[in-house]
Structure formats: structure tokens, C-alpha cells
Amino acid sequence: MELFYFVVFGALAAVVAALELSKNSKDRITTSPAFNSFKNNYLVVYSLMMAGDWLQGPYVYYLYSTYGFGKGDIGQLFIAGFGSSMLFGTIVGSLADKQGRRRACVTYCITYILSCITKHSPEYRVLMVGRVLGGIATSLLFSAFESWLVAEHNKRGFEQQWLSLTFSKAIFLGNGLVAILSGLFGNLLVDSLSLGPVAPFDAAACFLAIGMAIILSSWTENFGDPSENKDLLTQFRGAAIAIASDEKIALLGAIQSLFEGSMYTFVFLWTPALSPNDEEIPHGFIFATFMLASMLGSSLASRLMARSSPRVESYMQIVFVISSASLLLPIITNFLVAPSKERGGSISFAGCLQLLGFCTFEACVGIFWPSIMKMRSQYIPEEARSTIMNFFRIPLNIFVCVVLYNVDAFPITIMFGMCSIFLFVASILQRRLMAISDKPKMESWTAMDPESEPLND
């Protein structure tokens, strides 16, 4: 492996370690023992849930290819996953608000475990069912757990600022450290122990089962809108009214969709960008480097959110501009650096520059996650939190499905340019959100619903 990869990884590791060790009282939030116990319990569960997700990611495509499926069939399987997340995500989100967030978290575990079990079958129909189950699970992962955390945090009377501490630690551990360890563990199972590409899915199921046991034994239930007279359609209408009536919620949804759409597109594009002539690149090591960059971002976010200034709405404008610029690098290097025509070999000079830009983008991702969680906790009404959060994912899933379907139709520079434009638009919308962030919060969405019953005097 080339020295360049070790230098980048080592430099990022040193910066992350320095940031964590150099935190002073201004960078830390003083909390209570009761909150620390609550936070640590959630972090253990969230880390197990993310381990179950990260273990599967690197091996899904590989597993399908070992079963003999071509690129077209595999693409359809991936589209099925995002499509089911789009179609069923809002429904399961609404059920989480009405039937209970704890129950929804348990449903996530069961659904994803079943999805893992289907990976043992080489039958296309069974694998398709697994992708549908996986799409439903993904919707729950990115809505039910956060909704439970925010509601439980408020129910227990903890200070609002302490939420940012849980968010930043969850991303630092779940989207950083756990991702790196999951990649190494998966590599151990598949390559070192030669247990086959289905082994990481079995390991993921075990981690999910352990997390489910902790949820069942230590979590209490909480709800969004517990009223008995509201069916799913009424909940959808209420969530839509909330988004349409409050500009802050609408802006937040648009910002999230633009950023996450660019992020998921980047996941498909970074490999061909770094190896346009089939250069030999260490995919696993680069993935670990990206996750380390994400940890750097979440460490920065924890410092920023521990202070009253600058506000989240303010510094995220800069983050979106930097992320937009970082994804312009493949276009810039394509013009300024003469492309190599030699097939194979090691990573090119242009590839090295792009890798540094991609690490910058991943650092922005690490800042984005806890920051968007903080803003969602401030602006999204509690009664329909999971429903609204899954509404936000509808345009995201449509966008990703379109990209997957047309991934070979456009040059890679066009795709990166599109992502860069989306991120720049997100910065503009973030600026607008900053301008109106001090406006009074909208009234309860249940009160705005024309079918809701008036309160008796």
C-alpha cells in the first residue's frame, strides 16, 4: 500500500486525537449523572444498530455478484431498497408516532434481522424481499431512534443543550469509530477467516439482536400524537400542513434532501473517480479514512454546539459551501491535470488531490449529522416527528433511484457538478433559515388540522 494512504490516515487520526484531548471547559457541557447514564445507554444501543448497518454495506454488491447476478439485476435490487424506503418509510414513520417509538425501534431490529436472513438464499425473489425489508428498516433507523431520543430527553426534564452532546457522540461513535471497526471486522470474517460474503450479515443480525434485547429491557415507550381518532391519512395530512405552514420546517427538509442526495450519490461515485483507469486502490482502507474524516467533523461539531456562538444555523452555511467546493475537485483536476492513459497501476496525482477533497467532504458529513439533528429537535413538532422526518426522505429516495437508474448515462464530472450545485443551493437555503430562525414556532399541527376536535372550555 502506498505511503500516501498512510500519511492521510495518520494525519487525520492525529488531528482527531488532538481535538479530543485538547477540549477544555468551554468545549464541554456540564451534565448530571442521571443524564450520563441515559446518554450512555442510548449510545450503546445506537452503536449496535449502526454496527448492524455498517457490517452489511461493503458486502451487499459483492454477495449479489457471487450469486451470479449482473450489474442490471443488482441495480434493480438496490433500487428496490430505496424505493421501499420511499413508499413505506412515511407509513412506518407515522406508525412510530402513533404506536410508539420504542416499538418502532424493535421493529427495525426484527425487520433488518429478517433482511439479513434472506441473504442466505441465492433466489432473486427472496433477495428482492430482503431489499424491501432493508428499505423499511433504513427508514426506521433514521427516524424512530432520533424521535425516541428527543421525546425521552424532554420527558425526563434534561436541559435542551445536552441533546447536542448526545447527537455529536452518537455520530462520532456510530458513524465513525463503529464504521471503521465494522469494516475491519467484516474483512476479518470474509478474508482472514474465509467464512464467505454472507458472514457479515450473520454478524450484523447478532448485533441487532443484542441491541433489541437492551431496548426491551431498559427503554420506556413514548409517542407522538397519541389521539385515538387519527388514522394514517389524517397524520399524513397533518404532517404536510406542518411542512407547508412553517417555512423553517420546509427549508430544513429541502436542505436535508439536497445534502443527503449529494452524499449518497458520492457513495456511488468515489470509486470510479479515484480509479478512472482501473488503478489499484485499497477500497477498505480508503473507506476507513473517510470514516476517520467523519469522526473529525463530528468532533468539531461537538465543540461548536457546546458554545452559544456561533449558532448551528450560522456555521452550517460555511459547511455547505466547503462541501460544495470539495466536490468540484474532480471537475477542476480533469481540466488542470492531464489524465493518464495508462491502465492499472497506482493512484494518480489527480486521484491524490481528489482523495484529499473527498476527506474534506466526509468531514463536512461528520459536522452535518449532529447539526441537522439539533435543528430538527428545535423546529419539528413533537406530535409528528417521525412522520415529518420520513416525508423529508421521499425526495431523497426519488433522487437516489434516478441516479442509480442513470448512473452510466452521464459523465462522472457532470454528476459531481450536479452534487456541487445542490450543496451550494443548500447553503443559500441555510442562509434563509438563519434569517428566519428567531420567528415564533408554529402552533401545534393538531390545532391546525381542520378535522381536529376543538378543546372544551
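1. E152 is buried, with a relative accessible area of 1%. The model is predicted, so read every value here as computed from it. E152 forms a salt bridge with K155, and their closest N and O atoms are 3.3 Å apart. The two residues sit 3 apart in helix α7, a separation of about one helical turn.

2. K169 is partly exposed, at 27% relative accessibility. K169 also lies over the face of F172, at 6.0 Å from the ring centre.

3. R376 forms a salt bridge with E146; here the closest N and O atoms are 2.4 Å apart. R376 belongs to helix α15 and E146 to helix α7 (residues 144-155), so the pair links parts 230 residues apart in sequence.

4. Now the nonpolar core. The largest one has 139 residues. Among those with the most contacts inside it are M49, Y108, F290 and F358. Helix α15 (residues 349-379) gives the most to this core, with 14 residues. Beyond its neighbours within four places in sequence, F358 is in contact with F266, W270, A273, L274, F290, L327, P330 and F416.

5. The whole structure holds 31 aromatic pairs. In one of them, F69 and Y124 have ring centres 5.4 Å apart and planes at 55°, so the pair is tilted. F69 lies in the loop between α3 and α4, and Y124 in helix α6 (residues 124-141), so parts 55 residues apart in sequence are tied together. F69 is buried at 16% relative accessibility, while Y124 is partly exposed at 24%.

6. W270 and F290 also pair. Their ring centres are 5.2 Å apart and their planes stand at 85°, so the pair is edge-to-face. W270 is in helix α11 (residues 247-274) and F290 in helix α12 (residues 283-306), so the pair ties together parts 20 residues apart in sequence. Both W270 and F290 are buried.

7. One aromatic cluster includes F35, Y42, Y108, F145, W148 and W219. R131 lies over the face of F78, at 4.7 Å from the ring centre.

How values were computed. Residues numbered from 1 in each chain as written. Predicted model: local features only at pLDDT ≥ 70, side-chain atom pairs only at ≥ 80, totals over all residues. Heavy atoms only, no water. Core = buried A, V, L, I, M, F, W, Y, C linked by side-chain atoms within 4.5 Å. Buried < 20%, exposed > 50% of the residue type's maximum accessible area, 1.4 Å probe, protein only. Helix = DSSP H or I, 4+ residues; strand = E, 2+ residues; numbered from the N terminus. Contact = heavy atoms within 4.5 Å. Salt bridge = Lys/Arg side-chain N within 4 Å of Asp/Glu carboxyl O. Phe/Tyr/Trp six-rings, centres within 6.5 Å; stacked < 30°, edge-to-face > 60°. Lys NZ or Arg CZ within 6 Å of the ring centre and 35° of its normal.
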